[in-house]
Amino acid sequence: MGEPRYLQADCAFRNGGHTVRLTLTRSALEVEVEAHLTADQWRGEFNAAFIEDLTHKTGNFKQFSIFCSMLESALMKSSESVSLELLTYADLETLRSRKVGGTTRPAPPATSPLSAKRYLILVYSVEFDRIHYPLPLPYVGRPDPAALHRLVRELKEELVQLRARLQQALEEKRAAETALWALQQEPGGGTAALRRLEEELLREKARHQREHRRLAAEAKASERRLQLRVRSLTAELASCRRGHKTPTSTAPRPQERCSPSSTRPPPCSASRESCGGSQGRPLPRSPSPAG
């Protein structure tokens, strides 16, 4: 991996729709997850040593580059052997208790940083087993409304540029067709020159068609990203307006525990992070403004 690679896809997890973004480099991996409804975000950065140690603990070691390829395949859904899950700390403890056959640990308090964490699980399915690679993602809050406005503006500008390039390609195609038609109408036009022009026109037409499809795909992807950001911005602005009336907590609600499965308990790697954490203190209530 030379230059950083950026990947993004929408995933439907058991606790709702989320957008997963990956930044891949030669020796580091950054994972970001954003909830569609609340715009809550979780982000984690992992180096090659951490990833290889994580895979070693599961009993199924993978090199960093191989792990990144598996993660990319799971995000793009290009392989049936790998998939993604998003779990809370309580879900992860339930999964571990199934593996060892013990009792489930009590859930941490709602104010604990552990309850706000999420774990992106890379599930590798082999013939008779399923290996789980958990990536811990600390909660980072919600995006700033000003930053969302700026991002929406940038996406709109990018969409305008793509449409302008598409329009230019269509105009060039029409001009070439007009030139060919004019040459055909001239008396005594050279047959060899006409054939060469027709061949050139066919090549240009094929190139413009490829460019048209590529630009249309880019415009559609940009429009989807813009719509997603607009929805996130709308939810964030509505949350900000409600925040002026009643104080709200920035920590997401604890998710429900995953239901027990009748299948064989999947092995899961234990995260190197400590289960303990400082208890978060509630924010002081601000006095309500005078009427």
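1. A residue is called buried when its relative accessible area is under 20%, exposed when it is over 50%, and partly exposed in between, with a 1.4 Å probe and protein chains only. By this definition, buried residues make up 35% of the 291 residues in the chain. The structure is a predicted model, in which local features need pLDDT of at least 70 and side-chain atom pairs count only at pLDDT 80 or more, while totals for chains, interfaces and linings use all residues. Residues are numbered from 1 along each chain as its sequence is written, and side-chain values use heavy atoms, with hydrogens and water left out.

2. The chain contains six helices and eight strands. Helices (H or I, at least four residues) and strands (E, at least two) are DSSP runs, numbered from the N terminus. Read from the N terminus on, the order of elements is β-β-β-β-α-α-β-α-α-β-β-β-α-α.

3. Two totals describe the chain further. Its accessible surface comes to about 17,900 Å², and 52% of this belongs to carbon and sulfur atoms; such areas come from the Shrake-Rupley method with a 1.4 Å probe, and for residues only the protein chains shown count as cover. A contact means heavy atoms within 4.5 Å. Of the contacts in the chain with a separation of 6 or more, 66% are between residues 24 or more positions apart.

4. Five strands make up an open sheet in the order β1-β2-β3-β4-β8, with antiparallel pairing. At its edges stand β1 (5–13) and β8 (139–141); each has a single partner strand, so one side of each is left without a neighbour in the sheet. Neighbouring strands of this sheet are turned by 25° against each other on average, direction ignored. Two strands count as paired if DSSP finds at least two bridges between them. For angles, axes are lines fitted to C-alpha atoms, for helices over the stretch in contact, and the values run from 0 to 180 degrees between N-to-C directions.

5. Six of its eight residues are buried, so β3 is largely enclosed by the rest of the structure. Strand β2 (residues 16–24) pairs with β3 in the antiparallel sense over seven bridges, and a hairpin of three residues joins the two strands. Within this pairing, V20 stands opposite V33 in β3.

6. Seven bridges also join β3 to strand β4 (residues 41–47), again in antiparallel fashion. Here the bridge partner of V33 in β4 is W42. The hairpin of β3 and β4 has five residues between the strands, and A39 in this hairpin takes a positive phi near 65°. Strand β4 is joined to β8 by two bridges, and these strands run antiparallel; the bridge partner of Q41 in β8 is G141.

7. Helix α1 lies across β3 and β4, running at about 90° to β4. Helix α2 packs on the sheet as well, touching β1, β2, β3 and β4, and its direction makes about 50° with that of β1.

8. A second open sheet has three strands in the order β5-β6-β7, and its pairing is antiparallel. The edge strands are β5 (82–87) and β7 (130–137), each of which pairs on one side only. Between β5 and strand β6 (residues 118–125) there are six bridges in the antiparallel sense, and L86 stands opposite L120 in β6.

9. Which strands does helix α2 (residues 64–76) lie across? Helix α2 lies across β5, β6 and β7, at about 80° to β5. The helix has 13 residues and reaches 18 Å from its first C-alpha to its last, close to the 18 Å expected at 1.5 Å a residue; the expected span is 1.5 Å times one less than the number of residues. Its buried residues are F64, F67, C68, M70, L71, A74 and L75. They cover an arc of only 160° around the axis, which puts them on the same side of α2; the arc is that of the directions from the helix axis to the C-beta atoms. After α2 comes K77, whose phi is positive, near 55°.

10. Finally, N60 lies in the loop between α1 (48–57) and α2. Is N60 buried or exposed? N60 is buried, with a relative accessible area of 18%. Leaving aside neighbours within four places in sequence, N60 is in contact with T55, Y124, I131 and Y133.
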